[in-house]
Amino acid sequence: MKTGSLYITGTPIGNLGDISSRALETLNNVDFIAAEDTRVSLKLLTKFGIKKPMLSCRKHNIREVSEKIIERLQNGESCALITDAGMPCISDPGAELVELCRTRGVQTVVVPGASALVAALALSGFMCQRFSFEGFLSINPKQRKERLLEVKNYGGLLIFYEAPHKLIKTLNDLLNVLGDRRIVLCREMTKIHEEVLDGRISEILRRYENPETPPRGEFVLILEAPDSDKAEAVTIEQAAKKVAELTASGYKPADACKIIAKETGLTKSLIYKEYLKNI
């Protein structure tokens with residue numbers, strides 16, 4: 001029996017008119033659809049008159065559902081993997097299923113579509129030679145701070161996703177750890193209330209702390225690179241390499257980590273962990 005295929009299918013991030021003809025053809029032709037939220041996806045399918053059985057494929061059940069999907073694919077059925085908006089597997093469920101398909105010899109096919117990440121980057125107006133996509137920051141305060149310290153001196157743009165109920169907290173963390181950088185905030189892209197705000201983090205924060213203008217909708221945050229006069233672009237891997245060079249010249253690892261942490265703004269513990277990986 002011929003094995004079926006998994007189609008990783010992009011859907012609109014807001015405006016349903018952005019769906020591609022290839023995506024519509026795929027959704028019409030597969031045997032079933034794996035959707036992040038079947039209720040959300042039903043609106044899209046109904047709009048275009050598509051009637052297909054759906055499976056809920058969410059973060060909490062992805063492993064269990066993936067096994068069921070693989071079994072059906074191995075029996076010759078085809079499946080389209082979609083998320084609530086945009087490309088699956090980008091800060092959304094699905095990567096586990098794609099990886100499992102690879103290990104089980106099931107064909108995967110990508111049907112590209114809209115991406116909030118790329119759309120926001122185009123809207124930002126920033127000159128972009130490189131960027132780091134950070135997705136959603138951890139809800140754990142310690143992990144959030146550690147990650148922000150790791151990317152503090154990254155020499156390119158930093159891009160984050162954020163939900164409205166966590167936006168003010170995130171803006172405060174960005175301000176406290178990264179400084180009052182220029183930020184472009186894109187909200188509700190491709191929808192009726194699409195908005196692009198450009199200013200310092202403190203300015204955007206004041207706007208959303210105002211009870212009359214609370215955060216609404218989904219956000220993409222793009223932060224300008226640090227001032228080259230104030231910070232050097234050093235990754236955690238590069239910092240660990242500097243530590244190795246110092247230890248090779250006679251410094252104790254603890255002292256070397258302390259020196260490099262001061263130079264880069266990264267934490268000693270993170271540098272030391274990375275250093276240990278390479279000895």
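The exercises below work through a predicted model of a protein, each with a solution in steps.

**Exercise 1. Describe the overall make-up of the protein, from its secondary structure to its contacts.**

Solution. Begin with the secondary structure, where the protein has 11 helices and 10 strands. Next, take the extent of the chain: along the principal axes, the C-alpha atoms fill a box of roughly 65 × 50 × 30 Å. Then turn to burial, for which 45% of the 279 residues count as buried. Finally, consider the contacts between residues at least 6 apart in sequence, of which 69% join residues at least 24 apart.

**Exercise 2. Determine how many disulfides the structure holds, and explain the result for Cys57.**

Solution. A search of the whole structure finds zero disulfides.

**Exercise 3. Identify which residues and elements make up the largest nonpolar core, and where a second core is found.**

Solution. The largest nonpolar core has 22 residues, and the members that touch the most others are Phe160, Leu171, Leu174, Leu185, Leu221 and Leu223. The elements giving two or more residues to this core are helix 6 (141-151), strand 7, helix 7 (167-178), strand 8, helix 8 (201-209) and strand 10, with the largest share, five residues, coming from helix 7. Leu171 can then be followed in detail: leaving aside residues up to four places away in sequence, Leu171 touches Ile183, Ile201, Ile204, Leu205 and Leu221. A second, separate core of 18 residues includes Ile69, Cys79, Met87 and Val98. In soluble globular proteins, nonpolar side chains tend to be buried together.

**Exercise 4. Characterise the largest pocket by its volume and its lining.**

Solution. Start with the volume, which is about 1,100 Å³. The lining consists of 38 residues, and those nearest the centre of the pocket are Glu36, Thr83, Asp84, Ala85 and Asp92. Sorting the lining by class gives 18 nonpolar, eight polar and 12 charged residues. By element, helix 2 supplies the largest share, four residues.

How values were computed. Residues numbered from 1 in each chain as written. Predicted model: local features only at pLDDT ≥ 70, side-chain atom pairs only at ≥ 80, totals over all residues. Heavy atoms only, no water. Disulfide = S-S within 2.5 Å. 1 Å grid on protein atoms, 1.4 Å probe; cavity = no way out; pocket = protein on both sides within 12 Å on 5 of 7 lines; lining within 4 Å. Points joined across faces, edges and corners; volume = space filled by probe spheres on them. Nonpolar A, V, L, I, M, F, W, Y, C, P; charged D, E, K, R; others polar. Core = buried A, V, L, I, M, F, W, Y, C linked by side-chain atoms within 4.5 Å. Buried < 20%, exposed > 50% of the residue type's maximum accessible area, 1.4 Å probe, protein only. Contact = heavy atoms within 4.5 Å.
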